[in-house]
Amino acid sequence: MDSRSHMEAAPDAANALAVRPEAGRSAGRSARPAAECAVRIAGLTKTYRSNWSLKTTRGLEDLNLEVQRGEVFGYLGPNGAGKTTTLKILTGLLKPTSGSAWLLGEPIEHVRSRVRLGFLPEQPYFYDYLNGVEYLEFVARLSGVAGREAVKAARHWLGRVGLGDREKLVLRKYSKGMLQRLGLAAAVVHEPELIILDEPMSGLDPFGRRDVRDLILEQRERGVTVMFSSHILPDVEMLCDRVAILLRGRLERVATVGELVDGAGARIEFRCAGAPLVELPSAWSNCLTRTQRAEETLFTLTDASQQQAVLAWLVSQRVDVRAVTPQRNTLEELFMAAAESSAIHAASERRSA
Amino acid sequence: MNAVLIAQNTFREAIRDRVLAGMVIAGLVLLGLAQVARPLAMGEGLRLTVDLGLSSITMLGLLVVLLVGTSLVAKEIERRTIFNLLSRPLPRPVYLIGKWAGLSGALWVVSATLGLALWGVLALLGRGAYWAPIAQSVYLAGLELTVVTALAVMFSALSTPVLSSLYTLGFFLAGQWCDDLRTFAQHAPDSLRNLLEFVANVLPNLSLFNMRTLAAVGETTTALHLSLASGYALLYCGCVLALGAAAFESRDFR
């Protein structure tokens, strides 16, 4: 997509993800008991305070969210949006400043909330003096798998993530991609009911990413709930039942991928041969744009109801129309537009303050 | 159960670390040097061997605690390996206890190895009957290192490795003169006495674990002393680890 047509699409995309606090609130304040959800978050806030300057920064603000059992849930946001903060609070690594959360019905303050949880931290690190089987056996036993079963599970999952031929290799000799695969195996070795993955595709080559996608889909088929954060939006679009978008510590939107993409409004592209000398009618100045390419001209229409009229007009102007293609905004375009919109909103808030 | 797993893993880490092997080698070298220097000891060669052999267990053990123990938790936080542990059903106090138990276990094994080596040297010198004082001394040295390890783990959970090393070394040195401090407190003015007695009570009474002078002349200590030392070590470790766990519980891992 060229830059001009992207600019045209941006307002639609921004509207689709427009700041809607009530959407986020209703996501968490339902009367549904916590036990029915895989993850339930109510009013979660996290504030960091610098030890030296005593300055406070808000990592997360009044987050309300529910992830249903058995769904694959994408957690999106730019760097610093609060994704990792949320996931670390859920897994007990950070203490919330206020608010509550439950995993599979258990409050996160209790360690039993982590019995059926598998977690992959961002850029995972491991004990480099252990080998793959030793490490997986160790973490499986920590999650309650009995001795012999733990060894069996460790061997199975090491093979499943493609490291079965390196059982005895110590982890200090693993590459970044191999460590990421081992981290995934560690997250699932005890067969949890809920898996939380922080940037699981990070550092992986295309084959590695495909393997992660397969693993997530396999877990979904088993009925496991998967919640993951990612920057790789095509993967999110491909895998997720629903996505949440977090910007600057606030939940902007929770919706299915289809709802987001369809709600953004479609556009229609008319690919025409050559460089026709036509002037765009002023009636369509808000919805029709023209982009010149090497051997063709692209007319982009953002108002689908005008499709037949525009086509008729092009034909009447003796333009050689080669293709008429309906286009959908990708999740990436929607996400970028929302992030830009939020940045503009924040800047105007700062100016008025 | 999970404390045992953490302890096993910490023990395995310590055993695979070269520092521990270095400690054993250094202890054996010191024993060998004591034999070389024995003829120069003017009839006190046996005393020199026992004293140096037992002191080396404590000193080398302290070195391991300072090098390994004080970064035991801090290193896990810095390298983020702790994320993979605390995101499992593992209570934070249990994690700390496991870390302490694992390193203490490794130090007990090394202390016992060096104690056996010392007894072997003494047996070659015709003093095999020294086994009882040597065994008692090694046991007390093990208890002392266990107490110092608890301090190191507590400081490591709350501070950087460098500061933890300094605090631990400070407590170790002050702990050696705990009895002297208590005696000094009795002669101090009233206003200072309470403070000095409080400090003496807070510091570990490490002189309780020292029977090297007795062992050097082949004498044993009483069962009461051993029992008191064991009870004191357990109680002190319990208090230190409880304090460490309380502070560690609220810590954020960013």
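Setting aside neighbours within four places in sequence, A:Leu136 is in contact (heavy atoms within 4.5 Å) with A:Ala154, A:Trp157, A:Leu158, A:Leu182, A:Ala185, A:Ala186 and A:Val189.

A quick word on the ground rules. Residues are numbered from 1 along each chain as its sequence is written, and chains are lettered from A in the order in which they are written. Because the model is predicted, local features need pLDDT of at least 70 and side-chain atom pairs count only at pLDDT 80 or more, while totals for chains, interfaces and linings use all residues; side-chain values use heavy atoms, with hydrogens and water left out.

**Widen to the core**

A:Leu136 also belongs to the largest nonpolar core, a set of 152 residues. A nonpolar core here is a set of buried Ala, Val, Leu, Ile, Met, Phe, Trp, Tyr and Cys residues joined through side-chain atoms within 4.5 Å. Along with A:Leu90, A:Tyr135, A:Met227 and B:Tyr95, A:Leu136 touches the most other members. Now show helix α7 of chain B, residues 131-158: it gives the most to this core, with 15 residues. Apart from it lies another core of 13 residues, including A:Phe270 and A:Trp313. In soluble globular proteins, nonpolar side chains tend to be buried together.

**Helix α4 of chain A**

Next, select residues 132-142 of chain A, which form helix α4. Helices are DSSP runs (H or I, at least four residues) and strands likewise (E, at least two), numbered from the N terminus. How many of the residues of α4(A) are buried? The count is 9 of the 11, so the helix is largely enclosed by the rest of the structure. Buried means under 20% relative accessible area, exposed over 50%, and partly exposed in between, with a 1.4 Å probe and protein chains only. Among the buried ones are A:Gly132, A:Tyr135, A:Phe138 and A:Leu142. To see what covers them, show α5 (147-160) and α6 (176-188) of chain A, then α1 (2-16) and α5 (83-86) of chain B, all part of that cover.

Look at the two ends as well. A:Asn131 caps the N-terminal end, with a side-chain oxygen 3.2 Å from the backbone nitrogen of A:Val133. After the helix comes A:Gly144, whose phi is positive, near 100°.

**Over to B:Pro89**

Select B:Pro89, in the loop between α5 and α6 (92-124) of chain B. Is B:Pro89 buried or exposed? B:Pro89 counts as buried, at 13% relative accessibility. Not counting residues up to four places away in sequence, B:Pro89 touches A:Val111, A:Arg114, A:Val115, A:Leu142, A:Ser143 and B:Asn2. B:Asn2 is 87 residues away along the chain, yet the two C-alpha atoms are separated by 8.8 Å.

**A polar stop: A:Ser229**

Go to strand β8 of chain A, residues 225-229, and pick A:Ser229. A:Ser229 is buried, with a relative accessible area of 0%. Which side chain does A:Ser229 join by a polar contact? The partner is A:Asp198, at 2.7 Å. (A polar contact is a pair of N or O atoms within 3.5 Å; within protein, one must be able to donate a hydrogen and the other to accept it, and residues adjacent in sequence count only if both atoms are side-chain atoms.) A:Ser229 is also in contact with residues including A:Tyr75, A:Lys83 and A:Pro200.

**Zoom out**

Finish with the whole of chain A: look for 11 helices and 14 strands. Of its 353 residues, 50% count as buried.
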